[in-house]
Amino acid sequence: MRLGVLDLGSNTVHLLLVDAYYGAAPVPASKLKMPLRLSEHLRSDGSIDENAIVTLVDFIVRGQELAEDMGATDVMAFATSAIRGAANGDEVLSRVRDDTGLEISVLSGEDEARMTFLAVRRWFGWSSGRILDLDIGGGSLEIASGSDEEPDVAVSLPLGAGRLTRDFLSSDPPDPEEVRELRRHARASIAEVVGQVRRVGEPRLAVATSKTFRQLARIAGAAPSSDGIHVPRTLRASDVKDIVPRLSTMTSAERGRIPGVSEGRSEQMVAGAIVAEAAMDLLEIEELAVCPWALREGIILNRLDGLPL
């Protein structure tokens, strides 16, 4: 069957259409995405502004037309941190439902971690043993660890690259004191859950998902995306430690010219790299395997398994 999954993320609104069958890997058929950056469209009261809502509705209408043209039998829509934390999140969802007829589920941070972990487990398989997965989104950091398809621990922290850039980094390039304050905040937040994560057991394989980690790996010398998803890619802690001070002294425009860094994400790369360094250091991870599957694939796999979100 052909399924669609619409992801209202903090950075990007993304529609992925796949050919999916029980027991088989989802095969991408088409996609449509837009860098909306909902976290940057917040009013002083924490609500999403009207321009962003109108743009979001327009995109969803286009996505529905594409899904229909491509023969999709169902579109699963979900929202994450930006909608979850917005003061008018319910109003935005009602507006979308009224204007498009589409019902959007809001995932908790824990569910984000669980669904992403499912995708990681299916990609690397049972032989990988206990897996620890890290995912840095625009609004939150998810950490999950487990030996099965359901993680033993799944936590979400408000340490997304977009959120932290907005809250801590006001200058370009960022002021050194801003960077230090962000680093202190990230490390203190992650330190609160390290014991909870480590208590369930040491991982045999540490994995990274999300565009932030993929771009950091590319900066460190990993193969470009054009080489395909089956090329192994890794990110070492020592490389991240070298990357952070380098990115911190560059302007957003300079970071955007680094091979592998998209212009739309260049602003957030300092915050993302700081969170990545902190997580790898505090969780004692020397190397991460970069997984091409993440939350959207997890949602699809979960649907095929017939399990509730």
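Colleague: Which residues does Arg 255 touch, not counting residues up to four places away in sequence?

Modeller: The model is predicted, and Arg 255 is found in it in helix α9, residues 252–256. Leaving out residues up to four places away in sequence, the residues touched by Arg 255 are Asp 172, Pro 174, Leu 247, Met 250, Val 261, Ser 266, Glu 267, Met 269 and Val 270.

Colleague: Does Arg 255 count as buried or exposed?

Modeller: Buried means a relative accessible area under 20%. The value for Arg 255 is 3%, so Arg 255 counts as buried.

Colleague: Which residues have the most contacts inside the largest nonpolar core?

Modeller: That core has 50 residues, and its largest share, ten residues, comes from α10. Leu 247 is in contact with Leu 216, Ile 219, Ile 258 and Ala 273, among others beyond four places in sequence. Those with the most contacts inside the core are Ile 143 and Leu 247.

Colleague: How many residues does the other core have, the one that lies apart?

Modeller: Among its residues are Leu 17, Ile 48, Val 57 and Ala 82. This core lies apart from the largest one, and its residues number 27.

Colleague: Which strands stand at the edges of the six-stranded sheet?

Modeller: The sheet is open, with mixed pairing and the order β8-β7-β6-β9-β11-β10. An edge strand has a single partner, so one side is left without a neighbour in the sheet. The strands in that position are β8 (153–157) and β10 (234–236).

Colleague: At about what angle does helix α10 run to β6?

Modeller: Helix α10 covers residues 269–282 and lies across β6, β7, β10 and β11. Its angle to β6 (131–136) is about 160 degrees.

Colleague: Which residues form the aromatic pair?

Modeller: A search of the whole structure finds one such pair. The centres lie 5.2 Å apart and the planes are at 65 degrees, which is edge-to-face. One partner is in helix α4 (residues 109–124) and the other in the loop between β11 (287–290) and α11 (295–304), 170 residues apart. The pair is Trp 123 and Trp 293.

Colleague: What separation do the C-alpha atoms of Val 200 and Arg 130 have?

Modeller: Val 200 is in the loop between α6 (176–198) and β9, and is partly exposed, at 26% relative accessible area. Beyond four places in sequence, Val 200 is in contact with Arg 130, Ser 145, Asp 152 and Val 153. Val 200 and Arg 130 are 70 residues apart along the chain, and their C-alpha atoms are separated by 9.6 Å.

Key:
Residues numbered from 1 in each chain as written. Predicted model: local features only at pLDDT ≥ 70, side-chain atom pairs only at ≥ 80, totals over all residues. Heavy atoms only, no water. Phe/Tyr/Trp six-rings, centres within 6.5 Å; stacked < 30°, edge-to-face > 60°. Helix = DSSP H or I, 4+ residues; strand = E, 2+ residues; numbered from the N terminus. Pairing = 2+ DSSP bridges. Contact = heavy atoms within 4.5 Å. Axes fitted to C-alpha atoms, helices over the stretch in contact; angles between N-to-C directions. Core = buried A, V, L, I, M, F, W, Y, C linked by side-chain atoms within 4.5 Å. Buried < 20%, exposed > 50% of the residue type's maximum accessible area, 1.4 Å probe, protein only.
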